[in-house]
Amino acid sequence: MAYWLMKSEPDTFSIDDLRERPNGTEHWDGVRNYQARNMMRDQMKMGDKVFFYHSSCPQPGIAGIAEVVAEAYPDDSAQNPESRYFDPKASPDEPRWYMVDVRFERKFKRVISLADLKAEPALGEMKLVQKGSRLSIMPVTAEEWRQILSME
DNA sequence: GCCAACGTTGGC
DNA sequence: GCCAACGTTGGC
């Protein structure tokens, strides 16, 4: 089982939104970055655990935990001209973009802020805290996972 | 294949 | 709203 961190803008889709979905489950559409797509498509497996990260908001940080409940399948929003995620180069034969399903597991008692994560020496190697890191999906090591849980 | 121009992300 | 750091696009 692997660990991940996935970013979402809470104004668009927050951890509370996920919790309120039927079965607490939603597809993670709208990933339009190849590195992030490749990780989702090739490496994310059923049962993997995910830190749900809130970005571009007053308090950026990790808000809670979700679990992967469906492995990658085509992101049909790329083929919907009405969608903000529409990509004219995507087609049924070449879907180009993929998504997974995630299910709400729990919300942290408090948001573990980016500032707190940056201040923790044990997380110095974490991709999230490194300068210029913009990936919306990134792997988290087991050590990082444990460390962050201890900071709740 | 290079690289300039442009678009996006995301913290602040 | 600013802007640094990337990623993507497309002319050549």
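Trainee: Hi! Is Asp-16 buried, partly exposed or exposed?
Mentor: Keep in mind that this is a predicted model. Asp-16 counts as partly exposed, because its relative accessibility is 26%.

Trainee: Which residue does the side chain of Asp-16 meet in a salt bridge?
Mentor: The partner is Arg-19, at 2.9 Å from N to O. Both residues lie in helix α1 (residues 15-20), three residues apart, which is about one turn of the helix. Arg-19 is partly exposed too, with a relative accessible area of 41%.

Trainee: Why would such side chains pair up at all?
Mentor: Side chains of opposite charge can pair when their charged atoms come close.

Trainee: How many salt bridges are there in the whole structure?
Mentor: A search finds 13. One of them joins Arg-103 and Glu-67, at 3.8 Å from N to O. Arg-103 sits in strand β5 and Glu-67 in strand β4, so this pair ties together parts 36 residues apart in sequence.

Trainee: And what about Lys-109, which residue is its salt-bridge partner?
Mentor: That is Glu-152, with the closest N and O atoms 3.6 Å apart. Lys-109 belongs to strand β5 and Glu-152 to the segment after α4 (142-149), so parts 43 residues apart in sequence are tied together. Salt bridges with shared partners also join Lys-49, Glu-67, Arg-103 and Glu-105 into one network.

Trainee: Changing topic: where does Ser-83 lie?
Mentor: Ser-83 is in the loop between β4 (61-74) and β5 (98-113).

Trainee: Buried or exposed?
Mentor: Ser-83 counts as buried, because its relative accessibility is 18% and the cut-off for buried is under 20%. Its side chain reaches the backbone nitrogen of Tyr-85 at 2.9 Å.

How values were computed. Residues numbered from 1 in each chain as written. Chains lettered and ligands numbered in written order. Predicted model: local features only at pLDDT ≥ 70, side-chain atom pairs only at ≥ 80, totals over all residues. Heavy atoms only, no water. Helix = DSSP H or I, 4+ residues; strand = E, 2+ residues; numbered from the N terminus. Buried < 20%, exposed > 50% of the residue type's maximum accessible area, 1.4 Å probe, protein only. Polar contact = N/O pair within 3.5 Å; in protein donor to acceptor, adjacent residues only side chain to side chain. Salt bridge = Lys/Arg side-chain N within 4 Å of Asp/Glu carboxyl O.
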